[in-house]
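Take a look at the structure below.

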Amino acid sequence: MKSEIEELKESIEPLKNQIINHKVYSAIESIDDLKIFMQYHIYAVWDFMSLLKTLQNNLTCTNVPWFPNGSANTRFLINEIVVGEEADIDEKGNRKSHFELYLDAMHQIGADTSSIEMFTDALKFDGDFENAYSKSNIPKEAREFIDFTFEVIETNKDYLQAAIFTFGREDLIPDMFHAIVNDLYQESPDKISVFKYYLERHIEIDGDHHSELALQMTANLCGSNEEYWEEALKFTVECLQKRIQLWNGIYEKIKAKK
């Protein structure tokens, strides 16, 4: 008999294949194409961190006075993921979040970071998403991607947050993309080295160890509740569809530029 995890994986396999085999990857042929990809993708890197910290807030105690909250096994799983994502090391051994490391990669390659920086600065100032969207001129597909993530965050349902974190975010960068980046690195190592390092860390930390931890976390939270698993599948499907739309936006931007 298949586990609920295995059944969910099978259900979303066609959508994951659409993402992994998306035409956006073959459209990336130059440094300028990669810049466009990064200028969209950075928003997904940012809201991934917001989703992660929501899970930590919900599954552990982050308040004072402290009291034990939920399962110790689940607390361990989410806290270990947070350490790896929020305080990893860059290529020089300095502690940085993956978001900060991605920004470093954008600066090195010469990608425009003004939009994401205006967005986060505005949001930090007053927490008003509409204002932040307006000031930063964020791409429509990135805005819709963020809106969906925060829709899930605002459900206050930790099993849904864990599901889209586990199945919609962690392992969707294909080998083909790594090969493209490696080829560009051969041509311009001084522009691509940080991004190449970021992707390697993504494989080492996110794509393997963290994926297994996230699977355990989702299984723990959904348990044997059929309604939880059905709702988790529904939201995971929508999350993957939003990723496809984001990739479509990047593809159209690259093609239009050419």
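Leaving aside neighbours within four places in sequence, which residues is Leu34 in contact with? They are Ile28, Ile109, Phe177, Leu184, Ile192 and Phe195. Keep in mind that this is a predicted model.

**Nonpolar core**
- The largest nonpolar core has 87 residues.
- Leu34, Phe177 and Phe195 touch the most other members of this core.
- Helix α3, residues 31–59, supplies the largest share of the core, with 17 residues.

**Salt bridges within a helix**
- Side chains of opposite charge can pair when their charged atoms come close.
- The structure holds 10 salt bridges.
- One of them joins the side chains of Lys35 and Asp32, at 3.5 Å from N to O.
- Both Lys35 and Asp32 sit in helix α3, 3 residues apart, or about one turn of the helix.
- Asp32 is partly exposed, at 48% relative accessibility.
- Asp147 and Arg143 also form a salt bridge, at 3.9 Å from N to O.
- Asp147 and Arg143 are 4 residues apart in helix α8 (residues 140–153), so about one helical turn separates them.
- Asp147 is partly exposed at 35% relative accessible area, and Arg143 is partly exposed at 28%.

- The side chains of Glu86 and Lys53 meet in a salt bridge of 3.1 Å, N to O.
- This pair links distant parts of the chain: Glu86 is in helix α4 (residues 72–86) and Lys53 in helix α3, 33 residues apart.
- Glu86 is partly exposed, with 37% relative accessible area.
- Lys53 is partly exposed too, at 26% relative accessibility.

Notes: Residues are numbered from 1 along each chain as its sequence is written. This is a predicted model: local features need pLDDT of at least 70, side-chain atom pairs count only at pLDDT 80 or more; totals for chains, interfaces and linings use all residues. Side-chain values use heavy atoms; hydrogens and water are left out. A nonpolar core is a set of buried Ala, Val, Leu, Ile, Met, Phe, Trp, Tyr and Cys residues joined through side-chain atoms within 4.5 Å. Buried means under 20% relative accessible area, exposed over 50%, partly exposed in between (1.4 Å probe, protein chains only). Helices (H or I, at least four residues) and strands (E, at least two) are DSSP runs, numbered from the N terminus. Contact means heavy atoms within 4.5 Å. A salt bridge is a side-chain nitrogen of Lys or Arg within 4 Å of a carboxyl oxygen of Asp or Glu.
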